[in-house]
Every structure is written in structure tokens, then in C-alpha cells.
Amino acid sequence: VFHLITHAFFKALLFLSCGVVMHAMSGELDMRKMSGIKRVLPITNILMLIGCLALAGFPGFSGFFSKDDIVNASFHFSPWLGVLMLFVAFMTAYYTFRLYFRVFQGPLVVPQAPAHAHGHGHEPQEHASASHSAIQTGTAPASGVDTGQATHAADHGHDSHGHHNHEPMLMIFPLIVLALGALGAGIFNLPGTEYLGKFLEQSPSISLAQEIAAKTFPSADVGKLEPNYKLMIISGLISILGIFMAYWLHLRSRAQGDALVRKFSLAAAIIQGKFWVDEIYQGLIVEPLRMLGKILANVIDKYIVDGLVNLGGMIPQAGGVFLKMTIQRGYLQGYAAAMLFGVAIILLVIFLH
């Protein structure tokens with residue numbers, strides 16, 4: 001619960017900061033087409049950095065304290081699980097700052113706004129605009145922008161990012177509030193105080209859940225687990241190591257980072273494909289359920305359920321059709337003839353008896 005609270009602050013901060021970037025970059029989502037945009041979004045740069053540091057578990061930020069509780073509990077339960085949590089913490093710090101260094105740092109490269117964003121009649125540009133220094137030094141292709149995309153912004157006769165304020169207070173103020181939480185939400189459950197834990201213990205449902213968990217896993221009872229300050233130092237150093245690795249491969253020497261992708265192309269494809277979790281989920285769960293739904297709708301519902309309902313309605317329908325075709329035809333002479341025929345049958349039956 002502690003991690004969910006701190007996570008709410010810095011994850012919301014990161015998502016909304018990305019929204020500011022998307023707004024300023026004319027809706028562009030491909031981070032390979034942008035670099036060094038701290039020059040365009042200086043305030044968002046600071047707020048995004050705070051969110052990244054919190055998510056990476058950098059010492060002193062809220063995510064550091066809540067993440068440390070999870071890592072400490074994991075080691076208490078299983079050393080292997082604890083090592084796995086430290087590796088996850090390292091990767092989190094790395095991929096978070098891969099985004100920050102690629103997008104906000106380095107030479108200025110901004111995606112060219114589509115034509116409709118400027119009100120011109122020409123076709124949307126498919127390349128990015130690099131700063132003059134990036135073009136002169138030849139660092140534009142290595143700035144995160146695909147080779148051949150970067151051109152000088154002046155070649156288009158305008159700067160698409162200098163016309164209006166991309167950081168209005170209406171958008172920035174909520175980010176500032178969230179940044180304060182990302183910085184200081186760790187105070188809710190600092191080691192030695194556990195304000196949040198003591199508060200939640202007053203809840204009967206949470207206390208009952210903790211009692212059941214302690215009885216089910218007696219060796220893993222972490223309800224009274226003492227803080228491990230040595231582990232906090234190790235966790236903090238691992239976070240710093242992940243940030244440094246991201247700095248080296250995605251800012252200091254982006255060419256080396258690109259070379260690693262080419263060298264380990266299969267691993268890069270697996271990671272870039274997000275381990276194909278979406279495709280596996282789509283193929284094994286979504287599509288079979290969709291097929292089952294079609295079968296239920298087109299066979300079970302249409303022919304069996306609707307068939308039974310329609311069968312029940314066919315009996316009075318058949319009676320109505322019979323009456324319509326035999327008696328209720330709307331002809332008075334037919335009604336009179338039927339009445340006379342009926343009277344004749346009645347009289348015949350009487351006389352025969």
C-alpha cells in the first residue's frame with residue numbers, strides 16, 4: 001500500500017509530463033525523433049527528472065523508501081527473490097533514464113509538426129528538425145533520431161516550437177503538486193516511524209488479512225520486519241548504477257548504445273517487442289474468447305435460445321393463421337354462410353338423435 005501511494009504520485013507525474021511533451025511535439029509519440037527538448041520545455045524537464053528519480057528509487061525520493069520495503073521483505077522471504085527485486089530495480093532505473101536522456105538531454109532535435117498544425121497547404125513533413133549545432137557537429141543522427149531524418153530547422157523557414165507557450169500554468173501546476181508528492185511521500189512510512197502502517201493497522205480488514213498471511217506463511221511474516229540499512233545502501237547504489245548505464249549508452253555515447261542493439265539484435269527484438277506479451281495475450285485469450293462469443297451468439301443464442309422462444313410463439317401464431325384463413329376473413333357473406341352451415345350441422349345432429 002505504501003508503494004502504491006508513492007507510485008501514484010510519480011507515475012502520474014511521468015504520464016502527465018509525457019502529455020506535455022506530446023502537446024509540444026505536435027502529437028509525436030516516437031521518442032527516436034526527438035532529443036534535447038529541455039530547451040523547449042525547461043520546466044517539464046525538471047518535473048520529469050523528479051518523476052524519473054522517484055521511479056528509479058534514487059536515495060531520498062519517495063520511491064526509494066517504498067521500494068526498499070519491498071526489497072527487504074523479498075530478501076526476508078527468499079534470497080533469490082530479493083536478488084530478482086534488485087535486478088528489477090536496476091532495470092527500472094535504466095529504462096526510466098533511457099527515456100530522460102534520449103528525449104530531454106543531448107543536441108536539440110524536434111519532430112517537424114504536421115502541415116495542419118501550421119495551417120500550410122503542403123504535405124506533412126516526415127523528418128525531424130535538428131539544431132544548427134547538431135547539424136554542424138554531425139551528432140544529429142546519434143541524438144536518437146533515425147539516420148537521414150534530421151535536417152536544419154531553418155530550411156523550412158520557421159521554428160515550429162517558438163510560436164506559443166508549451167508550458168501553460170494550467171498544465172504545469174498539477175505537475176508541481178505531483179512532484180512534491182514524488183519528493184516527499186516517503187515521509188508517510190519512513191523507517192522507524194511507519195506512520196502509514198500504524199494507520200492501516202486500525203482497519204479490521206487489513207489486520208485480519210495480515211493475521212491470515214502470517215499464519216499461512218509463518219516464516220515470511222514481515223509485519224514487524226526491521227529496516228535493513230545495509231540493504232538500503234545497496235539498493236541506492238544499484239539505482240545509481242542503472243542511471244549511470246543509461247547515461248553512458250543514451251547520452252554520453254549513444255553510438256555505443258545503438259551498436260549494442262545491432263550486436264544483440266535478437267535480444268533487442270524481444271525487448272522492443274515487449275516479450276510479445278500483447279500478441280500472446282491476443283492469440284491465447286482474446287481471440288479464443290471472441291470466437292467462443294461468436295459461436296454462442298450465432299449458434300446457441302440464435303438457433304437454440306431464440307428457437308425455443310419462437311417455437312412457443314408459433315402455436316398461437318398457427319391458431320391465428322387458421323382462424324384467419326377459415327373464419328376471420330372479413331367477408332360478411334362468408335360469416336353468414338358459416339353460421340348457416342353451423343346451424344345446419346347442429347340441426348342434423350339433433351334430428352339424427
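**Entry 1: L84**

I looked up L84 and found its place in helix α4. The model I am reading is a predicted one. Is L84 buried, partly exposed or exposed? L84 has a relative accessible area of 44%, so I put it down as partly exposed. I then took the C-alpha distance from L84 to S74, which comes to 8.8 Å. The two residues are 10 positions apart in sequence.

**Entry 2: the chain as a whole**

I noted the overall counts next. The chain has 14 helices and three strands. It holds 353 residues, of which 32% are buried.

**Entry 3: S17**

I went to helix α1, where S17 is placed. The relative accessible area of S17 is 0%, and S17 is therefore buried. Which residues does S17 touch, leaving out those up to four places away in sequence? I listed T44, M48 and L175.

**Entry 4: the nonpolar cores**

I kept one general point in mind here. Nonpolar side chains in soluble globular proteins tend to be buried together.

The largest nonpolar core in this model has 37 residues. Which of them touch the most other members? They are L13, M25, I37 and F97. I also checked which helices contribute to this core. At least two residues come from each of α1 (2-24), α2 (42-55), α4, α7 (169-184) and α10 (229-252).

Not counting residues up to four places away in sequence, F97 touches L49, C52, L53, A56, I243 and A246.

**Entry 5: aromatic pairs**

Two values describe a pair of aromatic rings: the distance of the centres and the angle of the planes. I counted pairs whose ring centres lie within 6.5 Å. The count is nine aromatic pairs.

I started with F64 and F65. Their ring centres are 5.2 Å apart and their planes stand at 75°, so this pair is edge-to-face; the cut-off for that class is over 60 degrees. F64 is buried, at 6% relative accessibility. F65 is buried too, with a relative accessible area of 17%.

The second pair I looked up is Y100 and F104. Why does this pair count as stacked? The ring planes lie at 20° with the centres 5.6 Å apart, and so the pair is stacked; planes under 30 degrees apart fall in that class. Both residues belong to helix α4 (residues 79-104). They are four residues apart there, which is about one turn of the helix. Y100 is buried at 5% relative accessibility, and F104 is buried with a relative accessible area of 0%.

**Entry 6: helices α11 and α12**

I compared the axes of helix α11 (residues 254-263) and helix α12 (residues 265-272). They come within 5 Å and cross at roughly 100°. The two helices are therefore roughly perpendicular to each other.

Which residues make the contact? From α11 I noted V261, R262 and K263, and from α12 S265, A268 and Q272. By type, the residues of this contact are two nonpolar, two polar and two charged.

Most residues other than glycine have a negative phi.

K274 is found in the loop between α12 and α13 (277-326). What is the phi of K274? It is near 55°, a positive value in a residue other than glycine. K274 counts as exposed, at 51% relative accessibility.

F275 has its place in the loop between α12 and α13. Phi of F275 is near 60°, again positive, and the residue is other than glycine. Is F275 buried or exposed? With a relative accessible area of 55%, F275 is exposed.

Conventions
Residues are numbered from 1 along each chain as its sequence is written. This is a predicted model: local features need pLDDT of at least 70, side-chain atom pairs count only at pLDDT 80 or more; totals for chains, interfaces and linings use all residues. Side-chain values use heavy atoms; hydrogens and water are left out. Rings of Phe, Tyr and Trp (its six-membered ring) pair if their centres lie within 6.5 Å; planes under 30 degrees apart count as stacked, over 60 as edge-to-face and the rest as tilted. Buried means under 20% relative accessible area, exposed over 50%, partly exposed in between (1.4 Å probe, protein chains only). Axes are lines fitted to C-alpha atoms, for helices over the stretch in contact, and angles run from 0 to 180 degrees between N-to-C directions. Angles under 35 degrees count as roughly parallel, over 145 as roughly antiparallel, 65 to 115 as roughly perpendicular and the rest as oblique. Contact means heavy atoms within 4.5 Å. Ala, Val, Leu, Ile, Met, Phe, Trp, Tyr, Cys and Pro count as nonpolar, Asp, Glu, Lys and Arg as charged, and the others, Gly among them, as polar. A nonpolar core is a set of buried Ala, Val, Leu, Ile, Met, Phe, Trp, Tyr and Cys residues joined through side-chain atoms within 4.5 Å.
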